[in-house]
Amino acid sequence: MKQACLQLLMVAFQATLITMSSSAGLQYDFYSSSCPNAEQTVRNVVNGMIDADPTMPAAFLRLLFHDCFVMGCDASILLDPTKANGQPEKTAIPLRGYEAVNKIKAAVEDVCPGKVSCADILAFAARDSVARSGGFTFPIPSGRRDGTVSSAFSVFSGIPSPFFNAQQLIDSFAAKNLSVDDLVALSGAHSIGVSHCSAFANRLRPTVDPSLDPAYAAQLNATCPAGGADRAVNNSPVAPDALSNQYYRNALAGRVLLTSDAALLTRGDTAARVNASAADATAWMVRFAAAMVRMAGVEVLTGAQGEVRRLCNVTNS
Ligand code: HEM
């Protein structure tokens, strides 16, 4: 227990040092005077949701990734279709957790109406998800404003494909000013959650990808037969709700699902980072925390830009 607390402190401290200078116009404790209980309120609601459903951290983490990679971290992923905009981002790729974010927002509005943006709420929820599923926490700067534009058409140019090779993944992260370090560190999020058969069947048929462990490939083939249902398979065959460096050990053992996961072992620079992360859990936590803060700072709106939505699924006017 004492060791776990120390680990928490160390990760928080090191991640703060790494990220202090790269918070993209955001501020730590942005709500300290306008809504001092904002972060605690989010944390309480998120904790209750995770108690009820331990798969929620995966939902919040993936929502933040998809928000930030399409028009920046502006909560545009959360907007529902309207008469004027029938195809916002959320209609492009099915994601989970929208109702949950709306509920967190309602709890925050109860304590400080009109103060805390949905983009910040999503960033806090993802950070708190890491604390619960990974056992480490870190400060995340805030002050994001919510966007008013959301289009399904911008999703596929922003979100990397699971069929990408290493160079394409690196390019897609570079387009968001994120590094090779960030790519490899954040891919560790695939230690939790699920992928559907259709996202990795290309590695089973017509021939089995030789980088897959044969026993694991046989198991996947049984769960995902040709022409069968598009089942959900745990991203990690070990401890599937625990965010950890198990992902990198899975990768080294040929037990990751996506082409884009296996691709990290096809280049020297990415493979070296996979090896380092597999070998040192705490060093990976520090890198993951720093990369989360950087990802959550991609193309943010601040100051008088955008708005603070009253409801996360609709713009104010
Ligand atoms: C590196 C490029 C990435 C690609 C190509 C990618 C692709 C995918 C795909 C295809 C799925 C499965 C979707 C399905 O079949 O339902 C998935 C799941 C997931 N991804 Fe990624 N992803 C990437 C990076 C990230 C990042 C940066 C994060 C967060 C930090 C993330 C978090 C997750 C999580 C948590 C899940 C499981 C979601 C759930 O269980 O609902 N991914 N990803």
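Begin by colouring domain 1 (2–159) and domain 2 (166–290), whose bounds come from an automatic or database domain assignment: each of domain 1 and domain 2 supplies at least three residues to the shell around the ligand. The model is predicted, with local features requiring pLDDT of at least 70 and side-chain atom pairs pLDDT 80 or more, while totals for chains, interfaces and linings use all residues. Residues are numbered from 1 along each chain as its sequence is written, and side-chain values use heavy atoms, without hydrogens and water.

Next, select the ligand and display its surroundings. The ligand is surrounded by 24 residues, where a residue counts as near if one of its heavy atoms lies within 4 Å. The closest are R96, H190, G193, V194 and H196. By residue class, the shell holds 14 nonpolar, eight polar and two charged residues; Ala, Val, Leu, Ile, Met, Phe, Trp, Tyr, Cys and Pro count as nonpolar, Asp, Glu, Lys and Arg as charged, and the others, Gly among them, as polar.

Now select H190, in the loop between helix 8 and strand 1. H190 is the single protein donor to the iron atom of the ligand, through NE2 at 2.1 Å. Donors here are N, O and S atoms within 2.8 Å of the metal (3.2 Å for Na, K and Ca), and sites may look incomplete since water is not among the atoms. A polar side-chain atom of H190 also lies 2.9 Å from a nitrogen atom of the ligand.

Show the secondary structure next. Helix 3 (56–69), helix 7 (166–174), helix 8 (180–187) and strand 1 (194–196) are the elements that give two or more residues to the shell. Helices (H or I, at least four residues) and strands (E, at least two) are DSSP runs, numbered from the N terminus. Helix 3 contributes the most, with four residues.

Then select R96 and V194. An N or O atom in the R96 side chain is 2.9 Å from an oxygen atom of the ligand. For V194, a polar backbone atom is 2.9 Å from an oxygen atom of the ligand.

Select R205 and P206, which are joined by a cis peptide bond with omega of about 0°; P206 lies in the loop between helix 9 (197–200) and helix 10 (214–223). Finally, go to A75, in the loop between helix 3 and helix 4 (98–111). Although not a glycine, A75 has a positive phi of about 65°.

Notes. A polar contact is a pair of N or O atoms within 3.5 Å; within protein, one must be able to donate a hydrogen and the other to accept it, and residues adjacent in sequence count only if both atoms are side-chain atoms.
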